[in-house]
Amino acid sequence: MSDALSAIPAAVHRNLSDKLYEKRKNAAIEIENTVKLLIAAGDHDKISKVIDVLIKEFAKSPQANHRKGGLIGLAAVTVGLATEAAQYLEQIVPPVIDSFTDQDSRVRYYACEALYNIAKVVRGEFILFFNKIFDALCKLSADSDANVQSAAHLLDRLVKDIVTESDQFSIEEFIPLLKERMNVLNPYVRQFLVGWITVLDSVPDIDMLGFLPDFLDGLFNMLSDSSHEIRQQADSALSEFLQEIKNSPSVDYGRMAEILVQRASSSDEFTRLTAITWINEFVKLGGDQLVRYYSDILGAVLPCISDKEEKIRVVARETNEELRSIHVEPSDGFDVGAILSVARRQLSSDHEATRIEALNWISTLLNKHRTEVLCFLNDIFDTLLKALSDSSDDVVLLVLEVHAGVAKDPQYFRHLIVFLVHNFRADNSLLERRGAIIVRRLCVLLDAERVYRELSTILEGEDNLDFASTMVQALNLILLTAPELSKLRGLLKGSLVNREGKELFVALYASWCHSPMAIISLCLLAQAYQHASVVIQSLVEEDINVKFLVQLDKLIRLLETPIFTYLRLQLLEPGRYTWLLKTLYGLLMLLPQQSAAFKILRTRLKTVPTYSFSGGGDQISRASSGVPFSQYMNHHEDDDAEDINITSSHQGINFAARLQQFENVQSQHRVQARNNVKYSYTSSSSSTTKEVKRSEEEDEEQHKPPPSSRASSVADNSRPPSRSSRKGPGQLQL
């Protein structure tokens, strides 16, 4: 106490701890005057004692009024020291800063007031304590007491003024402090931080842009704040930085690109829009710096193309086009594999627009960097095949373009067709929904004859006979109806007169054997009418089922379309096209009379002019006389030569061998059909055997039939179909 009295008079000591502010203020004035006298006398030891007393007896006192007096006293000492204050700041400032965390809000308020007065005196010397003061102000900005917040705000403004005019401020030391606070959620702290970023960025000598990657993520995080004011302040700061980036010759695009990519997938709409806008500018400005980030950027852009917000979609599309137009080589660090990986992932997107752009990227890479893409083909091929089942026709068409681009190489062409058939086999619905569009598009993008030949080769060896039949029927219908295959149809029409048509006919025949109606259609298209008639007469009862009749109905209706105009015109000369007439009558005999197809074909045949039969009576008589089927095998080629004026190319088609091939394949189908029926019956019976066994035994005991009757019943059930059930020439039965 004696030290205190020697440094500070008793009256001043007493008034400094008084509960009344006026008395404490008067005591502070006395201390200020005392310090001035001591400075004039050069008594620095006495000044140090005064400061020590104010700290120990007052600033650190358990009594709130004492702490208030200590703070105002320390400020008074600084004012009294004036220009000499700098050497005592190490003693004066720390206890004031410590008071910012005092439990008493009034003490915190007076701490702000004291530091404000100290800062006004020392100005630039104050920078020494900047980081500690910044940390304290950051906390006080969110203080629960409004008066403390107001006082802290005034102090903050003064500190900003001091920093902006100081040449001793260290941005390098400040940035880590800023960075660790950028993710704080308190709105007052966020306003405080944005305010400091904006102020420091306005100082010409401080390069905030160079440190932008350190706090950019925090600014983007503020864009989704619930406070409109904070969102606006953060957006304003970001806009200013983006403008600086456009005007700056040196920017670290890479680190910021990583942040933007993450923010582009934010759940907040405003954040996504800002992020994609920045990415758009980066793609235009970044140049070589962004090459290794292209895949990440693309991964952010593609989902935004399907964003629910139109502004985001527009910017994303522009960015995507800008990115795709950049000319860069793998030697420059461009990672083709990474881009393909992103595109592959986006093919699983729920949004059609994103899937389409992903395919466009694969197509672009295939055109620009074909060799590199083929190296990664195994990584994306399965995904591309699955995309053929996409619900969108536009996506399917683009996938086919990509496949066609890959299939320009022979080995990949075979690979594509094999996998395509495999997918059709594994997913029947794919064949039904997408079969036509897939095959037609491939015929346009690749050579139609090449596609059909390859499909026929694969289906010829197909073990799943039901699938082979279904697939051939689908291919046959496409062949007969698709405008894209008109050239192929024209080639087949000349099968009897030119080598190319003959080779195509033979190539397709092998797999078309899986469907009787497909073979008949092929023969009608190739104008091999005699063979078509023979095929019809080779059919047996088992071949005439519902599926066959449905296919026949389709064919009859197709005969009335423009594709078969040539065939209908040939009916004007029945004497010349005897086998055509016989073929059509054969089809008519297979149709139920009550069917619409029967009426259509009968009506057409009634229009055949009778006058044209003159001079061809022998042929008509021979055609309708029921020539034994076995005789056809010996002289059918001679008949063709007589009726069609065949060439050597026609003679090169061994129709007898073709017929034998057809019958062999159909025989396999019949065997499988019988086995399926037998298996179905056996499975059905075995599933109920255990349940009815006991009742059957009881029934047998009570109603046991004679042995001869039982034997006859078994014989009837197991007897194979009689030969009479097979129809010979002119004996078709339904």
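These are my notebook entries on a predicted model of one protein chain.

**Entry 1. Conventions**

I number residues from 1 along each chain as its sequence is written. In this predicted model, local features need pLDDT of at least 70 and side-chain atom pairs count only at pLDDT 80 or more, while totals for chains, interfaces and linings use all residues; side-chain values use heavy atoms, with hydrogens and water left out.

**Entry 2. The chain as a whole**

I looked up the secondary structure and found 39 helices and zero strands. Both are DSSP runs numbered from the N terminus, helices being H or I of at least four residues and strands E of at least two.

**Entry 3. Cavities**

Grid points are joined across faces, edges and corners, and a volume is the space filled by probe spheres set on the points. The structure holds six cavities of 30 Å³ or more.

The largest cavity has a volume of about 80 Å³. Its lining includes Tyr-294, Phe-334, Trp-361 and His-369. Helices α17 (310-324) and α19 (352-368) are the elements that give two or more residues to this lining, and α19 gives the most, with four. I counted the classes as seven nonpolar, two polar and two charged. Here Ala, Val, Leu, Ile, Met, Phe, Trp, Tyr, Cys and Pro are nonpolar, Asp, Glu, Lys and Arg are charged, and the others, Gly among them, are polar.

The second largest cavity has a volume of about 60 Å³. At least two lining residues come from each of α26 (465-481), α29 (516-526) and α31 (546-558). Among the lining residues are Gln-473, Met-517 and Lys-554. The lining divides into six nonpolar, four polar and one charged residues.

**Entry 4. The largest pocket**

I then turned to open space, a pocket being an open set with protein on both sides within 12 Å along at least five of seven lines. The largest pocket holds about 1100 Å³. Of its 35 lining residues, Asp-466, Ser-469, Gln-473, Asn-545 and Lys-547 lie nearest the centre. Helices α24 (428-445), α26, α29, α31 and α38 (655-702) each supply at least two lining residues. The classes are 13 nonpolar, 13 polar and nine charged.

**Entry 5. Two residues**

Arg-670 lies in α38 and is buried, at 14% relative accessible area. I found a polar contact of 2.8 Å between its side chain and that of Asp-543 (a pair of N or O atoms within 3.5 Å, one able to donate a hydrogen and the other to accept it within protein, with residues adjacent in sequence counted only if both atoms are side-chain atoms). Leaving out residues up to four places away in sequence, Arg-670 touches Ser-538, Val-540, Glu-542, Asp-543 and Glu-663.

Thr-565 lies in α32 (565-570) and is partly exposed, at 31% relative accessibility. A polar atom of the Thr-565 side chain lies 2.7 Å from the backbone oxygen of Pro-562.

Conventions:
Buried means under 20% relative accessible area, exposed over 50%, partly exposed in between (1.4 Å probe, protein chains only). On a 1 Å grid over the protein atoms alone, a cavity is a set of points where a 1.4 Å probe fits but cannot get out, and a pocket is an open set with protein on both sides within 12 Å along at least five of seven lines; lining residues have an atom within 4 Å of a point. Contact means heavy atoms within 4.5 Å.
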